[in-house]
Amino acid sequence: MLLNPGAGEEVPQAGAAIFAPVYATSMTVNWSSGTDAGGYNGAGATYLVQASTMPDFIPVAGSSLTAATSGLLQGLPANATTYARVRAYNSGGMPGDWFFLGSTVTLANPALSAASTFTMVGLSSMTVTWD
């Protein structure tokens, strides 16, 4: 597993943001399978990416197991600093070390109005009100 090339060295996908896009309760996390200097993970590698609002990842807020170098994390808390890490597994299922990808803030939920804007919704029509 070559995902963890060295302490403090980040491995984002070339030309891709690590966290993109980010929403209120979900985000896509991107990474590379290695570096030119350290080598890349071979065919059949899979990745477990995790997110947490705590830097020690206790508890894990969301996770995704994928063969791609990106993963969708869902069920995250809105308006919260969220940390991400990824771990590679070789084709035999042996895990590598965790690699810290950094942190970002999920978006805030939109404010709810005191009264619904859509006061009557039918099959082929609706009534909309506003101030």
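**Entry 1: Thr 28**

I began with Thr 28, which is buried because its relative accessible area is 19%, and I noted that buried means under 20%, exposed over 50%, and partly exposed in between, with a 1.4 Å probe and protein chains only. I found Thr 28 in strand S2, residues 26-30; helices (H or I, at least four residues) and strands (E, at least two) are DSSP runs, numbered from the N terminus. Leaving aside neighbours within four places in sequence, I listed the contacts of Thr 28 (heavy atoms within 4.5 Å) as Ile 18, Phe 19, Ala 20, Pro 21, Ser 70, Gly 71 and Leu 72.

Before going on, I wrote down that this is a predicted model, in which local features need pLDDT of at least 70, side-chain atom pairs count only at pLDDT 80 or more, and totals for chains, interfaces and linings use all residues. I also noted that residues are numbered from 1 along each chain as its sequence is written, and that side-chain values use heavy atoms, with hydrogens and water left out.

**Entry 2: The chain as a whole**

I counted zero helices and eleven strands in the protein chain, and from the N terminus on I read the elements as β-β-β-β-β-β-β-β-β-β-β. Of the 131 residues, 34% count as buried. When I took the contacts with a separation of 6 or more, I saw that residues 24 or more positions apart account for 55% of them. The chain exposes about 7700 Å², of which carbon and sulfur atoms supply 57%; accessible areas come from the Shrake-Rupley method with a 1.4 Å probe, and for residues only the protein chains shown count as cover.

**Entry 3: Confidence**

I looked up the pLDDT, the predictor's confidence in each residue from 0 to 100, and found that the chain averages 84, with 79% of the residues scoring at least 70. Where is confidence lowest, and where is it highest? It is lowest in S10, at a mean of 65, and highest in strand S5 (residues 46-52), at 98. Over residues 4-10 the pLDDT is below 50, and I noted that this stretch has ten contacts in the model beyond near neighbours in sequence. Where pLDDT is low, the predicted coordinates should not be read in detail.

Not counting residues up to four places away in sequence, Gln 50 touches several residues, among them Phe 57, Tyr 83, Arg 85 and Trp 98.

Is Ala 88 buried or exposed? I found that Ala 88, which lies in strand S8 (residues 81-89), is buried because its relative accessible area is 1%. Ala 88 and Ser 33 are 55 residues apart in sequence, and 8.1 Å apart in space from C-alpha to C-alpha.

Thr 81 also lies in strand S8, but I recorded Thr 81 as partly exposed, with a relative accessible area of 37%. Leaving aside neighbours within four places in sequence, Thr 81 is in contact with Ser 52, Thr 53, Ser 103, Thr 104 and Val 105. Between Thr 81 and Ser 52 the C-alpha to C-alpha distance is 8.4 Å, and they are 29 residues apart in sequence.

**Entry 4: Backbone angles**

Most residues other than glycine have a negative phi, and most peptide bonds are trans. I therefore noted the exceptions to that pattern. A cis peptide bond joins Ala 20 and Pro 21, with omega about -5°, and Pro 21 has its place in strand S1 (residues 19-22). The peptide bond from Ile 58 to Pro 59 is also cis, with omega near 5°, and Pro 59 is found in the loop between S5 and strand S6 (62-66).

Phe 57 has a positive phi near 65°; Phe 57 is in the loop between S5 and S6 and counts as buried because its relative accessibility is 6%. Asn 79 has a positive phi of about 55° and lies in the loop between strand S7 (70-74) and S8, where Asn 79 counts as exposed at 55% relative accessibility.
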